[in-house]
Amino acid sequence: MAATAVLSRTGDRVVTRVLRGRIESNALKHKPSTRAGVMITGGGYQGKTETACEIAAGFEDAWLDLHHHLNPAATAGTRDLHAPVAYVQTPVTAKPKSACKAILGFYGADTKNMDLPDLVRQVAASIRDHGTKTLLLDDITRLRMHRADDQDVLDLIRAFMSMHVTLVLIGVDIPGSGLLREGRHDPRTGQWAFPPSRHAGIHALEATQTERRFDLIELDRFRYDTPAQITAWTRHLAGVEQQLRLMDAAPGMLTDGTMPEYLYRRTSGVAGLLERLIEDGCREAIDTGTERLSQAFLDNVALSLPDACVRDAEAGEIPAIPTGPAPPDGSGARKRKRGRNTVFDDRGPASGTGS
């Protein structure tokens with residue numbers, strides 16, 4: 001739901017511009033140099049994966065149309081599934097072999113009885129044979145840099161950049177995870193530069209003299225502090241509202257009155273929590289025959305994350321859920337106005353905004 005809504009956060013626009021530009025530019029390169037990568041960071045349930053996959057899917061459609069759905073680099077007399085974009089989740093407890101198997105699992109490749117050098121060579125062959133131009137590695141901050149195996153995995157992943165593929169690493173709080181520990185920030189380009197992987201000379205990966213480079217971009221939650229931020233949140237709600245198919249839904253159901261502030265208070269501006277609340281509310285509205293959403297109706301919808309069991313809480317993949325619906329008026333607290341449609345009291349912003 002969030003992926004189909006209007007891209008209105010500043011982070012959305014930056015991610016779209018940087019990621020689309022990097023993927024398209026790298027795909028058209030013919031030089032044997034290392035392809036620069038992109039790191040996308042942010043909190044859990046912020047829509048990082050949906051946004052990155054939507055951008056990559058747009059590139060894939062355009063690339064397939066450009067080449068008439070044929071792999072331009074295919075070997076004569078052979079036929080492989082053309083997959084310009086590959087998406088892989090980082091294993092919770094990753095080792096170099098399990099990381100390679102996760103990538104090969106996307107292609108359906110047989111990994112039985114393979115040691116690490118064979119697995120790395122198979123990864124390189126699969127990326128080449130399937131014409132993959134972009135490799136998305138999600139939940140990359142599951143890697144813990146105090147573990148030797150995880151350090152080896154990150155080192156190996158950086159070596160994959162020598163396979164002429166755009167590497168996109170997606171994770172929660174990448175700057176605080178330790179993944180940038182060996183990198184150095186170049187203030188001129190805004191990129192993070194990393195030394196060549198020590199695995200490059202071991203597993204027959206192409207060695208280059210170019211340091212591995214990443215653009216680091218952040219996709220933050222929505223904010224509700226300024227008129228511009230409130231407008232961005234309301235535009236996002238309007239995009240979500242257009243996707244709903246409730247029988248008694250009326251224009252402005254999510255955007256009129258104090259509904260934007262109410263939804264912000266319930267979700268703290270986290271796109272994934274908003275999606276969950278609206279989905280559960282719509283299901284309840286259909287089951288009860290109400291066929292519309294209102295603040296009173298959503299007060300009875302508990303916000304929960306049923307898929308939390310498959311996420312890594314230690315990696316920050318599960319956000320804090322705001323407690324309960326909006327507090328009722330007339331609580332006795334002194335209130336004052338700030339901005340537009342934002343109520344504050346002596347305890348701070350009632351809309352749940354943070355600093």
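1. A residue counts as buried at under 20% relative accessible area, as exposed at over 50% and as partly exposed in between, with a 1.4 Å probe and protein chains only. By that cut-off, 48% of the 355 residues in the protein chain are buried.

2. This is a predicted model, in which local features need pLDDT of at least 70 and side-chain atom pairs count only at pLDDT 80 or more, while totals for chains, interfaces and linings use all residues. Residues are numbered from 1 along each chain as its sequence is written, and side-chain values use heavy atoms, with hydrogens and water left out.

3. The protein chain has ten helices and ten strands (DSSP runs numbered from the N terminus: H or I of at least four residues for helices, E of at least two for strands).

4. Helix 3 (residues 96-107) and helix 4 (residues 116-129) have axes that come within 9 Å and cross at roughly 30°. The axes are lines fitted to C-alpha atoms over the stretch in contact, and angles run from 0 to 180 degrees between N-to-C directions. Helix 3 and helix 4 are therefore roughly parallel (angles under 35 degrees).

5. Contact here means heavy atoms within 4.5 Å. Helix 3 contributes P96, K97, C100, K101, I103, L104 and Y107, and helix 4 contributes L116, L119, V120, Q122, V123, S126 and I127.

6. D139 lies in the loop between strand 3 (134-138) and helix 5 (148-159). Its relative accessibility is 10%, so D139 counts as buried. The side chains of D139 and Q89 are joined by a polar contact of 2.9 Å (a pair of N or O atoms within 3.5 Å; within protein, one must be able to donate a hydrogen and the other to accept it, and residues adjacent in sequence count only if both atoms are side-chain atoms).

Methods: Parallel < 35°, antiparallel > 145°, perpendicular 65-115°, else oblique.
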